[in-house]
Amino acid sequence: MVSADDWRRNGQEKYLSDAELIFTDEFQIYSDKWEHEHCEFCMEKFSEADNDLHSGYCTSDYNHWICPECFDDFKEEFRWTVSGSKFPNERNE
């Protein structure tokens with residue numbers, strides 16, 4: 001279990017508790033407005049760049065991303081479920 005004073009905690013329980021997540025193993029850019037996302041916990045960067053994360057978990061609206069390490073650390077506490085493993089070709093804005 002992750003300690004209550006873990007540095008990655010920042011009120012995520014308000015919007016990520018009991019969330020249904022999607023796993024993707026290929027991060028894709030869906031907007032000309034941005035080219036990356038960050039893990040909601042540790043701020044690791046997701047992008048198409050070689051040195052960034054390419055796989056992880058996101059909410060169904062693609063607004064909140066979680067890296068595999070933070071997913072493993074917080075999945076029981078936040079009671080996440082994962083639905084499917086495909087990533088849609090288009091993102092609703």
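**View 1. Contacts of Ser47 in the predicted model.** In this predicted model, Ser47 touches Phe27, Glu35, His36, Asp52, Leu53 and His54, neighbours within four places in sequence being left aside. Ser47 belongs to strand S3, which spans residues 45-47. With a relative accessibility of 3%, Ser47 counts as buried, because the limit for that class is under 20%. The side chain of Ser47 also reaches the backbone nitrogen of Ala49, at 3.0 Å.

**View 2. The buried face of helix H2.** Helix H2 covers residues 68-78, and its buried residues are Cys70, Phe71, Phe74 and Phe78. Seen down the axis of H2, these buried residues fall within an arc of 105 degrees, so they line one face of the helix. An α-helix has 3.6 residues a turn, so residues three or four places apart point the same way. Glu69 and Glu76, on the other side of H2, are exposed.

View 3. Just after H2, Arg79 adopts a positive phi of about 55 degrees.

**View 4. The four-stranded sheet.** Four strands form an open sheet in the order S5-S4-S1-S6, and their pairing is mixed. S5 and S6 stand at the edges, each with a single partner strand, so one side of each has no neighbour in the sheet. Strands of a sheet pair through backbone hydrogen bonds, either parallel or antiparallel.

**View 5. The pairing of S4 with S5.** Strands S4 and S5 run antiparallel and are joined by two bridges. Cys58 has Trp65, in S5, as its bridge partner.

**View 6. The protein as the setting of the close-ups.** The secondary structure consists of two helices and six strands, and from the N terminus on the elements follow the pattern α-β-β-β-β-β-α-β. Of the 93 residues in the protein, 39% are buried. Among contacts with a separation of 6 or more, 66% are accounted for by residues 24 or more positions apart. The accessible surface of the protein comes to about 6,100 Å², and carbon and sulfur atoms hold 43% of that surface.

Terms used. Residues numbered from 1 in each chain as written. Predicted model: local features only at pLDDT ≥ 70, side-chain atom pairs only at ≥ 80, totals over all residues. Heavy atoms only, no water. Buried < 20%, exposed > 50% of the residue type's maximum accessible area, 1.4 Å probe, protein only. Polar contact = N/O pair within 3.5 Å; in protein donor to acceptor, adjacent residues only side chain to side chain. Contact = heavy atoms within 4.5 Å. Arc of directions from axis to C-beta. Areas by Shrake-Rupley, 256 points an atom, 1.4 Å probe, with all protein chains shown as cover. Pairing = 2+ DSSP bridges.
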